[in-house]
Amino acid sequence: MPTWRIAVLPGDGVGVEVTPEAVKVLKTVGRGARVGFEFTEALVGGAAIDALGEPLPPATLTLCEQSHAILFGAVGGPRWDRAPHEKRPERGLLALRKEFDLYANLRPARCFPMLVDASPLKRSVVEGTDLMVIRELTGGLYFGEPRGVEHFADGGSRAVNTMAYTSREIERVARMGFEVARKRRRRLTSVDKANVLVCSQLWREVVDRLAPEYPDVTLDHMLADNCAMALVMRPTQFDTIVTENTFGDILSDEAAILAGSMGMLPSASIGGRVALYEPVHGTAPDIAGKGIANPIAAILSAAMLLRYSTDMPADAERVETAVTRVLEHGYRTADVRQEGTKVVGTVEMGDLIVRELEGLY
Ligand code: NAD
């Protein structure tokens, strides 16, 4: 029986509440699929600063290096907002992304049929939405040099950021786009601004060059501004989107509202040596400690771990089916409550999903 080593980093706030529910679900999969999972927990973020003085202690990094995947909760909170740059909780997450060269961020946005009315968009627009945004995570405008501000004698200033991409950086994330599309409905939309940016012209050139290697995937190109509009006008036209860092940052947040609540959105950061899976949401200080956080984003992140790190797509689907069924049965956490539904807490929602999942083996 194979054993997958999973580093569990719950972090702060609701991260501590939702991550154990995702672990519970993976343990259920382990029993059902007869696969071994070994979970080891470690500190990260504010909790690590409080206990050990730094957001990513060496022991946590070593554990991650020795694991097949990282299950991450969330980090941060008002307690650490005034800490100096290097002692801020989010440095822990950024350091992990950098350490493992996690260059592709995958964010599915799926509108669950029974949550259609929780979306701010009309039912006729959002119904049937099931898309994936792949954002390049380690290059482009957020990292390019030169960057900085110069001040002039006349009191004026000039600020500079640089958008830069090498063909290698584009190729690896574009390949990820084709591979992910292959596991979905085989349609890839590459998003750029090739009409104005030379970076985007190179982006498009590289993506086009790879396309013949993936004859089973239909590729099209779309300008970022057009994509922003299309996402809220006709989101169902999309399957897999691949784009650079800045466009991806904005478009993936826009896509997020299609799903209704932050508590429903999983993500994966992959590409490097060890992949990291985490809910899109933060530590939710307004509800932390009350036992009411929605664990579904964390549980669906665990499903992504099964799909992308342990190559268990059928089990990933079982987890997603269990989530759908529990929602169909009318159970909701407070963030997605609707008239006529039964409101449950974090642990009870996790238990309901586990029970449903057990029935699928
Ligand atoms: P947030 O995602 O924590 O919360 C935004 C809103 O969504 C809040 O109203 C919250 O109650 C709700 N929400 C979030 N998760 C939920 C869940 N599981 N169930 C139900 N409702 C949920 O964003 P924020 O308030 O901007 O940030 C709070 C803290 O989290 C900050 O310190 C921020 O830096 C940090 N943060 C961390 C990450 C991360 O670790 N990846 C991501 C975003 C924000």
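Helix H11, residues 313–328, comprises 16 residues and spans 22 Å from its first C-alpha to its last, close to the 22 Å expected at 1.5 Å a residue. The model is predicted.

**Burial and packing of H11**

- The buried residues in H11 are Asp315, Ala316, Val319, Glu320, Ala322, Val323, Thr324, Val326 and Leu327.
- Among the partners against which these buried residues pack are three helices, namely H1 (15–33), H10 (296–308) and H12 (346–358).
- Glycine 330, which follows H11, has a positive phi, near 95°.

**Ligand surroundings**

- The ligand is surrounded by 19 residues, of which Val75, Gly282, Ala284, Asp286 and Asn294 are the closest.
- By class, this shell contains 9 nonpolar, 7 polar and 3 charged residues.

- A backbone N or O atom of alanine 284 is placed 2.7 Å from an oxygen atom of the ligand.
- Valine 75 has a polar backbone atom 2.8 Å from an oxygen atom of the ligand.
- For glycine 77, a polar backbone atom lies 3.0 Å from an oxygen atom of the ligand.
- On its own, the ligand has 810 Å² of accessible area, and the protein covers 66% of it.

Notes. Residues numbered from 1 in each chain as written. Predicted model: local features only at pLDDT ≥ 70, side-chain atom pairs only at ≥ 80, totals over all residues. Heavy atoms only, no water. Near = heavy atom within 4 Å. Polar contact = N/O pair within 3.5 Å; in protein donor to acceptor, adjacent residues only side chain to side chain. Areas by Shrake-Rupley, 256 points an atom, 1.4 Å probe, with all protein chains shown as cover. Nonpolar A, V, L, I, M, F, W, Y, C, P; charged D, E, K, R; others polar. Helix = DSSP H or I, 4+ residues; strand = E, 2+ residues; numbered from the N terminus. Expected span 1.5 Å × (residues − 1). Buried < 20%, exposed > 50% of the residue type's maximum accessible area, 1.4 Å probe, protein only. Contact = heavy atoms within 4.5 Å.
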